[in-house]
Amino acid sequence: MSKIFDLGRTPEEWSAKLRPRGVELSPRTLRSKAREHGQYFSIGRAIFITPDQMDEILLREADRTSRFAELQHNSGPKGG
């Protein structure tokens, strides 16, 4: 069978897998982020996300969050 089918999981499966670790990520949000970053495979209406793609989604979101926090910090009131 295909590696994508062997390793890939649906957003619902990823959401359930992350929940015990204290990560509340809805399948809808994950599906949206996967599409936004182009990190998914689809067949018909089904979406599969591999572990490598999940890593990429998390890294890109972490980078985005870090840049946003940095912008907020740098645009705060200046002392003087």
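Select Ile43. Isoleucine 43 is exposed, at a relative accessible area of 52%; exposed means over 50%, buried under 20%, and partly exposed in between (1.4 Å probe, protein chains only). Isoleucine 43 lies in strand E1, residues 41–43. Helices (H or I, at least four residues) and strands (E, at least two) are DSSP runs, numbered from the N terminus.

This is a predicted model, in which local features need pLDDT of at least 70 and side-chain atom pairs count only at pLDDT 80 or more, while totals for chains, interfaces and linings use all residues. Residues are numbered from 1 along each chain as its sequence is written, and side-chain values use heavy atoms, with hydrogens and water left out.

With Ile43, they make a nonpolar surface patch of about 390 Å². Patch residues have over 30% relative accessible area and no salt bridge; like charges are joined within 9 Å, nonpolar side chains (Val, Leu, Ile, Met, Phe, Trp, Tyr) within 5 Å. A salt bridge is a side-chain nitrogen of Lys or Arg within 4 Å of a carboxyl oxygen of Asp or Glu. Areas follow the Shrake-Rupley method with a 1.4 Å probe; for residues, only the protein chains shown count as cover.

Now zoom out. The protein chain has four helices and two strands, in the order α-α-α-β-β-α from the N terminus. Of its 80 residues, 21% are buried. Its accessible surface is about 6,100 Å², and carbon and sulfur atoms hold 54% of that.

Go to H2. Its buried residues are Pro11, Trp14, Ser15 and Leu18. They sit on the same side of H2, because their arc around the axis is only 100 degrees. The arc is that of the directions from the helix axis to the C-beta atoms.

Move to H3. Leu30, Ala34 and His37 are its buried residues. They span an arc of only 80 degrees around the axis, so they share the same side of H3. Just after H3, select glycine 38: its phi is positive, about 65 degrees.

Finish on methionine 54. Which residues does methionine 54 touch, not counting those up to four places away in sequence? Methionine 54 touches Trp14, Leu18, Leu25, Leu30 and Ile49; contact means heavy atoms within 4.5 Å.
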